[in-house]
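Subject: Structure handover

Hello,

Here is the structure for you to look through.

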Amino acid sequence: MAKYAAAVDQGTTSTRFMVFDHSGNVVSIHQKEHEQIYPKPGWVEHDPMEIWDRTQEVIKGALEKNGIAPQDIAAVGVTNQRETTVVWEKATGKPVYNAIVWQDTRTDKICNALAEDGGQDRFRPKVGLPLATYFSGPKIRWILDNVEGVRERAEKGEVLFGNIDTWVIWNLTGGPDGGVHVTDVSNASRTMLMDLETLDWDDEILGIMGVPRAMLPEIRPSSDVYGTAVGDLAGIPVAGDLGDQQAALFGQACYDPGEAKNTYGTGCFMLLNTGTKAVPSKSGLLTTLGYKIGDQPAVYALEGSIAITGALVQWLRDNLGLIEKSPDVEDLAKTVEDNGGIYFVPAFSGLFAPYWRSDARGVIVGLTRYVNKGHFARATLEATAYQTREVLDAMNKDSGVDLKALKVDGGMVFNELLMQFQSDILGVPVIRPKVAETTALGAAYAAGLAVGFWSNFDELRANWGKDKEWVPQMDEATRTKLYAGWKKAVTRTFDWVE
């Protein structure tokens with residue numbers, strides 16, 4: 001009898017394999033980083049072969065660490081950095097080009113050209129997304145236009161496209177030797193090529209975008225048996241697939257409309273469950289698929305995506321050398337009482353929600369001789385909280401539901417200073433669950449549900465437990481003043497790139 005469910009969590013900077021017991025506790029984990037490739041300003045790439053190597057290494061490592069046999073695992077799910085685009089040869093499994101990462105802005109000319117007819121929201125009624133460099137469709141188009149011979153081969157179905165979930169599942173189930181070419185509704189909804197109503201690729205948009213249908217994966221539910229693993233997980237059903245943010249929503253047990261979570265990672269992503277109908281956004285949010293469990297109706301979400309949060313702490317560490325390791329930012333920020341009057345708007349690759357300005361670039365405003373590195377650290381953390389507030393305001397406006405509390409997860413939620421400031425600036429409680437790695441947990445849940453390891457949502461809800469809660473301690477006048485300063489700082493980032 002299988003005792004566990006597991007998940008491959010393939011993120012922007014690292015890959016991990018996690019094994020969970022029936023109560024949702026972590027039994028084993030192994031994690032490895034991979035290289036970030038920056039060929040030109042604004043370009044970000046990963047080596048798909050390195051990602052697949054790391055995936056195999058972390059699977060092996062997590063099993064060996066705690067002596068787990070493959071037959072102990074009921075099913076494996078996959079969760080992934082979304083929108084990161086891979087095109088590879090079907091016969092050999094060799095990528096035709098590096099993976100183009102979600103943060104990459106090279107497709108701005110393609111997006112601008114597409115927006116000339118119908119504006120930035122040209123496809124939004126069908127796909128729920130604005131035209132932006134963030135999404136996969138324009139990235140596929142760039143590869144087809146810029147890598148010799150690939151377009152002809154794509155039309156014949158000789159090369160395949162996938163976001164990272166599709167790449168990992170294809171390799172996990174045999175690769176060139178019978179690998180399954182699938183994606184789930186949540187990942188497909190990030191390509192700009194899937195109709196939110198039909199949950200199928202949209203032929204009209206494919207024609208306009210210049211992407212051949214023959215290279216696209218089959219769209220499946222998020223919880224469904226896609227195939228069987230080979231290698232170290234030989235014989236285990238591969239049965240769950242969710243984009244990382246949707247997986248966190250699922251792992252946080254946000255199964256009812258109006259429930260929301262915020263994940264603090266490289267970027268920050270807030271998702272609000274809107275139930276079985278897609279809610280169009282008038283405030284710069286994305287309408288996206290939350291998840292689809294087997295034959296049940298699809299569940300939709302509103303999403304606010306922020307490009308740079310945890311990555312800003314890494315920037316302080318790697319580019320400025322102000323801290324030695326990321327967690328040190330909290331101690332440095334605690335050396336000062338407040339931000340010293342400075343705001344740091346990290347529009348390194350433009351601004352995502354609710355602005356969608358690819359012409360924006362980062363600014364630090366309000367500098368005086370008084371400011372020291374402690375203020376820099378504090379302004380770095382505060383930037384995450386302010387950006388989250390902007391997204392929450394937009395969600396309240398779009399959904400008509402005022403959020404009562406925010407469930408949080410991801411690496412930055414162990415930063416007490418940030419979590420308290422987050423609660424202060426939002427004016428609502430912020431709640432951290434016992435298992436903060438909810439992304440991998442969500443993918444494991446989806447896989448386990450598909451094979452009957454868990455039988456229903458009630459079992460998953462019962463697994464969710466509160467670890468810590470922060471409540472607002474700031475008065476309304478201070479909150480309003482600080483936030484007004486932030487809004488002013490944001491306007492200084494606009495129109496920088498000609």
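Start with two helices. The axes of helix 10 (residues 310-318) and helix 12 (residues 373-399) come within 8 Å and cross at roughly 160°. Helices here are DSSP runs of H or I with at least four residues, strands are runs of E with at least two, and both are numbered from the N terminus. Axes are lines fitted to C-alpha atoms, for helices over the stretch in contact, with angles from 0 to 180 degrees between N-to-C directions. So helix 10 is roughly antiparallel to helix 12 (angles over 145 degrees count as such).

Which residues touch? L312, V313 and L316 of helix 10 meet F376, A377, T380, L381 and A383 of helix 12 (contact means heavy atoms within 4.5 Å).

This is a predicted model: local features need pLDDT of at least 70, side-chain atom pairs count only at pLDDT 80 or more, and totals for chains, interfaces and linings use all residues. Residues are numbered from 1 along each chain as its sequence is written, and side-chain values use heavy atoms, with hydrogens and water left out.

Two strands pair if DSSP finds at least two bridges between them.

Strand 20 (residues 430-433) pairs with strand 21 in the antiparallel sense, over four bridges. P433 has K466 in strand 21 as its bridge partner.

Best wishes

Conventions: Angles under 35 degrees count as roughly parallel, over 145 as roughly antiparallel, 65 to 115 as roughly perpendicular and the rest as oblique.
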